[in-house]
Amino acid sequence: MKIKNYIVTFVSAIALLLSTSAISFAKVVGDKIILGAAVSLTGKYSSNGVHTQNGYNMAVERINSMGGVKVGGKTYKFDIIYYDDESNPKRAAQLAERLISQDKVEFMLGPYSSGLTKAMAPVTEKYGVPMVEANGASRSLFTKGYKYLFAVLAPANLYLDVAIRTAVELNGGKGVKIAQAFEQDAFSQDVRLGILDAAKETGSEIIIDDKLPKELNDMAATLAKVKVAKPDVLVVSGHTKGALTAIRQIAEMKVDVPMLAMTHCDAAKLSKQHGKNSQYALCASQWHKTLTYKDKWFKDGMTYDADFTKMFGYAPPYQAAESSAALLVFKDAFERANSFDQKKVRDALAATDMQTFYGNIKFAPGGQNVSKPMVLFQVICDSSGKCENKVVAPLKWASAKLIHPIPKWSER
Amino acid sequence: MDLLIFQAPILMVQASMDGILLGILFALIAYGMALQWGVMNIINIAQGDLVILGGYIAYFMYLYGIHPAWGVIVSPIIMYFVGIGIYKLVINKVVDRDLFISILATFGISILFMQLMNFAFGADVVLANSGYGTTMLFDNSVVLPNSKIFAAVISIIFAIGLVVYMKKSKLGRAIRATAQNARAAKILGVDTEKVYAATFGINAALCGVAGALISITFTIHPYMGLPYTIRSFMIVIVAGLGNLPGVAISGMGLGVFEEFADYILGTEFRIGSVFLLLVLILVYRRFKLSKKREYLK
């Protein structure tokens, strides 16, 4: 009998919990606009997931303290329901389903990474829930005809496009020889497609085209090939692991290439982990604090950097900055729509044309942000071994001159 | 298909050298696996996660300003006790059961370890810099990072140490006796429970050494353990249980095989080719065994 009692109590407790949560989380409660987000707090994306969450929280706090969102003459404040998607696409899709049908959330923020965004987008699309995402750059997200997905960041195929074009320019407009190694995931493969396009347009030749499996932490074979084939540009993209492995082994194997272009150097804390060995690497970045974009909430990149550092105790990587920008976009759209009707908000989002500290934001019909270029920074170290990231391309934003070609290891 | 390796034959030398150095390191992990598999009849899926945990120990020493090479001494000591702990908590409950249960149990440990490491150390990819520099051979056309050479030398030292220990020490003899016949050993006064615990501890310690070496030569990450488990499993299968020299040779063979697969088929097939080889070998072994059975009939 006792066991039966336990079961009854347990079941009723769960029922009570479910019923209260369903009531308390409607889309707009009192003066609160509730957004739903699944971010990776555990699992392999947890560090970037936390950057994402911190970026969201920072913007929520800032917008709320500066007067909130004005809709229909009333002021609302943002609030976010978070779930941990465990870095697992299946879980992310389930959570999207749960946020929408159980928690009755009507507006969503994106998760971290293209893979997870890809898993969630069909769900939000099905329910017509507008989702502004800040961390899924894969091109395939924007070719599916999604109507409710908006990304504040530049699509993945543009990440290293600038690098190839710069190399060609430095080569007097003639095509260059490219060696590339990309991890086999949605994001890196899109970066690869971007390089293929750029190579085709500039008449460049791809002489090594390696794909890296996701468990790999050894690139020695690729690099040995690079040593023999002597390309003009070496491109590596494989998240933080790829960046760290590449720098370590390039230094150890003394691989000389005139230009080395990579992604994820920020997140890899490249210069911190590798010091001078990381010098001269070119890194694609969505954002850099020295860019001079402005808005009225965060002022500019430098102020954002300082405020974020004060709040969370570390300097914001671009993953945090773009997440904060997503909230600004939502606020702007709510106010322009002057309504919480999902369709009207969606149309307002589609018509977004604004500048934030993170960059200009204007969405193409596919949902990607087309008015913000990628920047390239170069790791540059002084004689005391202190390294800094300096923006070197595109020229409009450059704060330092690109060092090219990279000095040979024997001369360093 | 990439034929660069045939156009530039010096790459073959590079691939072989890299493969052998790498293979020696794999063989060290496989030694541990062979040992506890042979003694306790347990296939430890968490092998790779023990390796990564060992790597984190070296990494943290490096963070606190101690040269990570000392990790090859500190890490096995800590890992030995971690191993004993795991044995006392879980393994002793499954040691006499069938293989399937032990695989499930260690699989569980593996998941738990991954999540705990992720929780404790974060999901960032990390590495420890040894600052060992590079050795250039053949007019600078073959490069060998000294960290890899260091890893291979340390692995050999530990492997030889283990063999000697197994032959000469009292515990070593007790371990071998238990491996041959646990019941008889027990009757003759060997405390098999202790032997099992020590075996698992030694296995974890070897993983600790390998982990420290991996943090110096490659990178570590909480979810990177499985490929090391697979490789050591594969090496042990090829070599056969209790065949320690075989483990060394098949380890190096696997290293070289991987490197050549990488050069010829492409990096994306590197780990895939290891899996393929594993399947082929298992099929071949089965085929051979069934032939033998026919003779017996």
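**A residue, a sheet and an interface**

Modeller: Tyr59(B) sits in helix α3 of chain B, residues 47–63, with helices (H or I, at least four residues) and strands (E, at least two) taken as DSSP runs numbered from the N terminus. This is a predicted model, where local features need pLDDT of at least 70 and side-chain atom pairs count only at pLDDT 80 or more, while totals for chains, interfaces and linings use all residues. Residues are numbered from 1 along each chain as its sequence is written, and chains are lettered from A and ligands numbered from 1 in the order in which they are written.

Colleague: Is Tyr59(B) buried or exposed?

Modeller: Tyr59(B) is buried, because 24 other C-beta atoms lie within 10 Å (buried means 20 or more, exposed 12 or fewer, partly exposed in between, with C-beta atoms placed from the backbone).

Colleague: And which residues is Tyr59(B) in contact with, leaving aside neighbours within four places in sequence?

Modeller: Val126(B), Ala128(B), Ser215(B) and Ile220(B); contact means C-beta atoms, placed from the backbone, within 7 Å.

Colleague: Switching to chain A, what order do the strands of the open sheet take?

Modeller: The 7 strands run β9-β8-β10-β11-β12-β17-β18 in chain A, with mixed pairing; strands pair if DSSP finds at least two bridges between them. The edge strands are β9 (205–212) and β18 (387–393) of chain A.

Colleague: Last one: how many residues does each chain give to the contact?

Modeller: Chain B gives 33 residues and chain A gives 33 residues. On the chain B side, α2(B) supplies the largest share, 4 residues.

Terms used
Contact = placed C-beta atoms within 7 Å.
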